[in-house]
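Colleague: I am new to this structure and would be glad of a guided tour. Could you take one kind of contact and go through it slowly with me?

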Amino acid sequence: MIENAKMNPNHRNIVSFILLMLTLNGFGQISPGELVKAHADLEGMSNCTKCHTIGEKISNDKCLDCHKEIKERIDQKKGYHSSSKVKTCIVCHSDHHGRNFEIIHFDKKNFDHNETGFKLEGAHIKKDCADCHKPDFISDPELKKKKKTYLGLNSQCITCHEDRHQKTLSNTCSNCHNNDKFKPASKFDHTKTKYQLKGKHTDVSCIKCHKTSIRNGKDFQQFTGLQYKNCANCHKDIHDNQFGQNCTQCHTEESFKAVKGISTFDHSKTGYLLTGRHKNVSCKLCHKISLTATLPHEKCTDCHTDYHKGQFSKAGKSPDCSECHSGEGFAPSLFTIEKHNLTKFKIEGGHLSTPCFECHKKEKDWNFRKIGEKCADCHKNLHKEVIDAKYFPEENCEKCHNVSTWNSVKFDHNLTTFKLEGKHAEQSCRKCHFEEKTDGTFIQKFSSLLNINCENCHTDVHHTQFKENNQTDCINCHGFKDWKPEKFIHDKTRFKLEGGHKNVACIKCHKEIKDGKSTYINYKIKDIKCTNCHSQ
């Protein structure tokens, strides 16, 4: 009997395992199925314990005893297998499903690549797994032999991408490039290099300094090992070393023509002090022959054209421009309001905010002489041939208006045939005298064009009930303070209010009448018999 046999402990474990399998599977096969090709050498009962621990679940340790490359990455906490999402090997890599079973199988579409320690971003997202996970990119010779593996890659760009810089720059490509596209190197910052770009150098194309050539049979652009200590490394010395190689003594990166040696020259020693805009004028603009030639400089017109074409000349002599301008620039003018008020035209009110060019440069040129003094010389006379000239003789607008506020009118309306009283005195002139049309234009109505009848401005709400001789005289009942009929006396009508009628509300007798879309109160009652209001 087996139980009486003398066996060593290992054999006893194997027998126990066989008995367990027989108990569980009855008379079926002891093995649940063939192993895949990669594990075919583990077939047979004597090899079961190489993967299985008797009486326990399949242990990761057994798998990692063979798959040392996986164990090494887990120990280093690298790659997908070190992720917290990976619990046991058998969940993804079960066996005993036949020789041709695909033991390395997972859903590529739903695989979370972030768990590998390498996040897919930019153009990497669009790549297929096989584009990166191939033997060409694997450095480990043992892994390289495998027909199919996702191991052996690292996160360095040059694992998959060609090193276009041929080991002249850092392997950390992300210092300059992003994951979207290789060109341009959007993350490159020249300020972090040994050579800082300043002035005009910031506008120079990279290829101007970083030349391309053929190195090791391939296109190569040089970014390191460039000489930059002297300007002559890149620029031709037009002085043929006459002043040495330290160009910065005279020149700056802002412009080669901006010479520091000349700009710091003390021009006051010449008898002409450079001030304002003159400080920034190129020497050659004045010194056209040579820097030492004598130049006339007593008057502005020695260098500048008389922009005003002799308007300020006196006795045929050019004016002194400094009365109105300074060396800081021709604008703004130094001609003050106080100076202007000494002329025939005094600047006041709204004219104080009017820019000079509104009056003195109506066309192409500036004009300061004989441009007019009256309002109508600059402003269009809106009332010409509309308002009687007796109200503003010689087009003198100041009879009604002032220079501070054009809308503030001081006209005495009592001079006309229509005296302004009550609410009329509160209205603006425009309310009565300007009729705006639908196209935005307006018609002025003064004197003969404006009828003084009430109906000319106000709607007859009584529907012509009080019209006599083709005119409704509203002042028979109404005053100018409001529309209340303060002047109306009922006793002067055909029906005198007596007795109980005195306390009856008007609306009791004077009913509303609806005429189409409008409604009005009937004040002209034709029949005033008692029976019309009182029942018998």
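Which side chain meets Glu-162 in a salt bridge?

Modeller: Happy to! Please keep in mind that this is a predicted model. The partner you ask about is Lys-218: its side chain and that of Glu-162 form a salt bridge, at 3.0 Å from N to O. This pair links distant parts of the chain, with Glu-162 in the loop between H5 and H6 and Lys-218 in strand E2 (residues 218-221), 56 residues apart. Glu-162 is partly exposed, at 48% relative accessibility, and Lys-218 is also partly exposed, at 43%. As background, side chains of opposite charge can pair when their charged atoms come close.

Tyr-150 lies in the loop between helix H5 (141-144) and helix H6 (206-209), and Tyr-150 is partly exposed, with a relative accessible area of 24%. The C-alpha atom of Tyr-150 is 8.7 Å from that of Cys-129, and the two residues are 21 residues apart along the chain. Pro-184 lies in the loop between H5 and H6 too, and the peptide bond that leads from Lys-183 to Pro-184 is cis, with omega near -5°.

Now back to the charged pairs, for which the count comes to 11 salt bridges. One of them joins Glu-43 and Arg-99, whose closest N and O atoms are 2.8 Å apart. This pair also links distant parts of the chain: Glu-43 sits in the loop between helix H1 (9-25) and helix H2 (60-66), while Arg-99 sits in the loop between H3 and H4, 56 residues apart. Glu-43 is partly exposed, with a relative accessible area of 27%, and Arg-99 is partly exposed at 27% relative accessibility.

A further pair is Asp-112 with Lys-85, where the side chains meet at 3.5 Å, N to O. Asp-112 is partly exposed, with a relative accessible area of 30%, whereas Lys-85 is exposed, at 52%. The pair belongs to a network of salt bridges that links Lys-85, Asp-112 and Glu-115.

Lys-77 is exposed, with a relative accessible area of 72%. His-96 lies in the loop between H3 and H4 as well, and its phi is positive, about 65°, although it is not a glycine. His-96 is partly exposed, with a relative accessible area of 21%.

Ile-90 brings a nonpolar side to the picture. It lies in the loop between helix H3 (68-75) and helix H4 (129-132) and is partly exposed, with a relative accessible area of 37%. Together, Ile-58, Ile-90 and Val-91 make a nonpolar surface patch of about 250 Å².

Conventions
Residues are numbered from 1 along each chain as its sequence is written. This is a predicted model: local features need pLDDT of at least 70, side-chain atom pairs count only at pLDDT 80 or more; totals for chains, interfaces and linings use all residues. Side-chain values use heavy atoms; hydrogens and water are left out. Patches are made of residues with over 30% relative accessible area and no salt bridge: like charges are joined within 9 Å, nonpolar side chains (Val, Leu, Ile, Met, Phe, Trp, Tyr) within 5 Å. Accessible areas come from the Shrake-Rupley method with a 1.4 Å probe; for residues, only the protein chains shown count as cover. A salt bridge is a side-chain nitrogen of Lys or Arg within 4 Å of a carboxyl oxygen of Asp or Glu. Helices (H or I, at least four residues) and strands (E, at least two) are DSSP runs, numbered from the N terminus. Buried means under 20% relative accessible area, exposed over 50%, partly exposed in between (1.4 Å probe, protein chains only).
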